[in-house]
Amino acid sequence: MVNRMHPRAAPRAGFTLIELLVVLGIVALLLTLAVPRFFPSIDSARETILAENLRNTRTVIEQFYSDTGHYPDSLDQLVEKKYLRALPLDPITDSTASWIVVAPDDGSKGAVAGIKSGAPGNDRSGKPYLDW
């Protein structure tokens, strides 16, 4: 005897709309738990990179001063003299042009004694980026 299946009794080949909606609901629930924890870590990483870029560049400026006896005339001079490979990026503004140059007390010794971030706003603790 041959087993003949009725055309409507064929095995299912996909997911039902209800199954898909349940899976999407679970994914959405997991995202609502993970996303709020993700974005503060991005801000924290940017602030860490900013602090490191400021510290390294200030150290290079002091090294230039100790080598030459005067401060550089511009940040580009640090790149030209190979103290830096390239100007560091301000991760808050995503720009190398937003640095604020701090002039030395004695203007005859050069133009760049330090740098500050030109990023607007405050860090996560409420301190302005300009005060870093």
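Author: A residue counts as buried under 20% relative accessible area, as exposed over 50%, and as partly exposed in between (1.4 Å probe, protein chains only). Tyr 83 is partly exposed, with a relative accessible area of 24%. The model is predicted, so local features need pLDDT of at least 70, side-chain atom pairs count only at pLDDT 80 or more, and totals for chains, interfaces and linings use all residues. Residues are numbered from 1 along each chain as its sequence is written, and side-chain values use heavy atoms, with hydrogens and water left out.

Reader: How is a pair of aromatic rings described?

Author: By the distance of the centres and the angle of the planes. Rings of Phe, Tyr and Trp (its six-membered ring) pair if their centres lie within 6.5 Å; planes under 30 degrees apart count as stacked, over 60 as edge-to-face and the rest as tilted. There are 3 aromatic pairs in the structure. One of them joins Phe 64 and Tyr 83, an edge-to-face pair with 5.1 Å from centre to centre and 65° between the planes.

Reader: Which parts of the chain does this pair link?

Author: Distant ones: Phe 64 belongs to helix α1 (residues 17–68), while Tyr 83 sits in the loop between α2 (75–80) and β1 (100–102), 19 residues apart. Helices (H or I, at least four residues) and strands (E, at least two) are DSSP runs, numbered from the N terminus. Phe 64 is buried at 2% relative accessibility.

Reader: Why is the pair of Tyr 65 and Tyr 71 stacked?

Author: The ring centres of Tyr 65 and Tyr 71 are 4.4 Å apart and the planes are at 20°, so the pair is stacked. Tyr 65 is partly exposed at 23%, whereas Tyr 71 is buried at 13%.

Reader: What is Thr 57 in contact with, leaving aside its neighbours within four places in sequence?

Author: Contact means heavy atoms within 4.5 Å. On that basis Thr 57, a residue of helix α1, is in contact with Pro 88 and Ile 115. Thr 57 is buried, with a relative accessible area of 2%. Its side chain reaches the backbone oxygen of Asn 53 at 2.8 Å.

Reader: Where does Trp 99 lie, and is Trp 99 buried or exposed?

Author: Trp 99 is in the loop between α2 and β1 and is buried, at 8% relative accessible area. Not counting residues up to four places away in sequence, Trp 99 touches several residues, among them Leu 50, Leu 75, Pro 88 and Ile 115. The Trp 99 side chain also reaches the backbone oxygen of Pro 88 at 2.8 Å.

Methods: A polar contact is a pair of N or O atoms within 3.5 Å; within protein, one must be able to donate a hydrogen and the other to accept it, and residues adjacent in sequence count only if both atoms are side-chain atoms.
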